[in-house]
Amino acid sequence: MRVVIVFLLSALLPPSLSHQSDPLAWLYTRQSQGHYYGSLQADTAGGACPDECDCPPTFPIAMYCDGRGLSTMPTIPSRVKYAYLQNNAITAVPDSTLANATNLVWLMMHHNQLTSDAIGKKAFLKLEGLQRLYLQHNNLTSIPSNLPRGLRDLRINHNKIEKVIAADLEGMDNLTILYLNDNAVTDMSTSLKALKSLTLLDISGNKLTKVPEALPEHLHQLYLESNSIDSLPESFLGGLSQLQYIRMAHNQLTDKGIPANTFNVTGLVELDLSFNKLERIPPVSTTLQHLYLQANQIKEFTLGSFCTFTDVSNFSKLRTLRLDGNEISLQDVPSDSSLCLRLASTIEV
């Protein structure tokens with residue numbers, strides 16, 4: 001029953017607040033347990049378990065083939081809902097490979113050697129119940145064709161994708177998590193417009209020169225760091241009332257490229273504009289809690305960027321403020337800043 005409990009618990013875990021960690025990682029990195037159950041394989045409904053994989057009799061709807069040195073796709077029995085094929089050397093997914101695996105809910109194929117040309121155009125077409133697809137750390141140059149429209153979590157980061165078109169993501173009304181970071185994307189067109197349920201978007205580490213158009217209105221986390229963005233559109237955050245985390249470090253942003261009061265909106269919890277070319281502190285909402293502005297070219301500590309006026313009930317909620325690596329020192333911080341920034345536990349100048 002231990003494995004069954006693991007999967008039930010995983011459904012209760014919240015999505016990560018950081019693109020650098022995955023709370024479900026411990027589910028798909030099991031090695032020793034898979035070998036332990038390998039000799040007990042019994043359930044052959046919908047096809048026998050491949051010899052090179054483990055299908056625990058205590059959890060027959062899972063198939064563990066991770067880290068086995070595979071170069072080709074094994075046959076997945078139709079009963080299997082969770083297939084773990086990561087950390088292999090698989091190079092292709094022909095159209096016929098997944099034809100029988102119509103009950104798949106999770107398919108983990110990250111850390112392989114997949115190329116776009118070697119993935120059949122109909123390879124994923126029949127996987128109507130697939131919710132989680134991991135294709136990160138491969139050699140893909142485009143998003144595969146005909147991905148299941150019921151996907152909730154798509155991770156295709158650390159590939160070689162250069163362009164995302166509307167047809168790639170069209171109809172994915174249930175998609176809530178999209179990792180496209182660390183590719184070579186220069187253009188996303190209006191591909192994000194149809195993602196009505198998207199809450200986390202990571203497109204950091206690409207070659208974008210502007211913020212993608214038509215950002216989904218339910219975004220909660222937006223990661224754009226390590227691109228070449230030098231300006232923001234008017235009403236950048238207009239309509240994004242649920243957005244709480246914005247990370248735009250390591251871009252080319254200047255004061256001129258940020259429209260007035262762009263970040264002076266309620267709801268934001270964390271804003272990271274470090275490692276840009278700002279000379280002034282942009283005005284932010286008094287509800288913001290964490291502001292990162294280190295390694296810019298800021299020359300003045302403007303208290304008005306945090307508080308227009310201060311009294312018993314009007315003050316900044318900032319808890320973290322980083323201004324180190326700029327052109328100011330502690331002597332430039334106004335003496336009355338403690339009234340405005342009374343909750344700040346960390347101020348680095």
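# Disulfides, charges and rings in a predicted model

Reader: Which is cysteine 53, buried or exposed?
Author: The relative accessible area of cysteine 53 is 1%. Buried means under 20% relative accessible area, exposed means over 50%, and partly exposed lies in between (1.4 Å probe, protein chains only). By that rule cysteine 53 is buried.

Reader: What kind of model is this?
Author: Residues are numbered from 1 along each chain as its sequence is written, and side-chain values use heavy atoms, with hydrogens and water left out. Local features need pLDDT of at least 70, side-chain atom pairs count only at pLDDT 80 or more, and totals for chains, interfaces and linings use all residues, the model being predicted.

Reader: Which residue does cysteine 53 form a disulfide with, and where does the partner lie?
Author: A disulfide is a pair of cysteine sulfur atoms within 2.5 Å. The sulfur atoms of cysteine 53 and cysteine 65 are 2.0 Å apart. This pair links distant parts of the chain, 12 residues apart, with cysteine 53 in the loop between helix 2 (32-38) and strand 1 (62-64). Helices (H or I, at least four residues) and strands (E, at least two) are DSSP runs numbered from the N terminus, and in the loop between strand 1 and strand 2 (82-84) lies the partner, cysteine 65.

Reader: How many disulfides are there, and what pattern do they follow?
Author: The count comes to 3 disulfides. One of them joins cysteine 49 and cysteine 55, with sulfur atoms 2.1 Å apart. With bonded cysteines counted along the chain, the pattern is 1-3, 2-4, 5-6.

Reader: What is the torsion about the S-S bond of cysteine 307 and cysteine 340?
Author: Cysteine 307 and cysteine 340 are joined with an S to S distance of 2.0 Å. Cysteine 307 sits in the loop between strand 11 and strand 12, whereas cysteine 340 belongs to helix 4 (residues 337-340), 33 residues apart. Cysteine 340 is buried, at 0% relative accessibility. The disulfide is right-handed because its torsion is about 85°.

Reader: Where do glutamate 279 and lysine 299 lie, and how many residues separate them in sequence?
Author: A salt bridge is a side-chain nitrogen of Lys or Arg within 4 Å of a carboxyl oxygen of Asp or Glu, and glutamate 279 forms one with lysine 299, the closest N and O atoms being 3.8 Å apart. Glutamate 279 lies in the loop between strand 10 (270-272) and strand 11 (290-292), and lysine 299 in the loop between strand 11 and strand 12 (320-322), so the pair ties together parts whose separation in sequence is 20 residues.

Reader: How many salt bridges does the structure hold?
Author: Side chains of opposite charge can pair when their charged atoms come close. Arg132, Asp153 and Arg155 are linked in a network. The number of salt bridges in the structure is 10.

Reader: Which ring does arginine 132 lie over?
Author: A charge sits over a ring if NZ of Lys or CZ of Arg is within 6 Å of the ring centre and within 35 degrees of the ring normal. The charged end of lysine 317 sits 4.7 Å from the ring centre of phenylalanine 315. For arginine 132 the distance to the ring centre is 4.6 Å, and the ring is that of tryptophan 106.

Reader: How are the rings of phenylalanine 59 and tyrosine 82 arranged?
Author: Rings of Phe, Tyr and Trp (its six-membered ring) pair if their centres lie within 6.5 Å; planes under 30 degrees apart count as stacked, over 60 as edge-to-face and the rest as tilted. The count comes to 5 aromatic pairs. In this one the centres are 6.0 Å apart and the planes are at 25°, so the pair is stacked.

Reader: Which residue does the side chain of serine 191 reach through a backbone oxygen?
Author: Serine 191 lies in the loop between strand 6 (177-179) and strand 7 (200-202), and at 2% relative accessibility it counts as buried. Its contacts (heavy atoms within 4.5 Å) beyond four places in sequence are Val164, Ile165, Ala166 and Leu169. At 2.7 Å, the side chain of serine 191 reaches the backbone oxygen of methionine 188.

How values were computed
A polar contact is a pair of N or O atoms within 3.5 Å; within protein, one must be able to donate a hydrogen and the other to accept it, and residues adjacent in sequence count only if both atoms are side-chain atoms.
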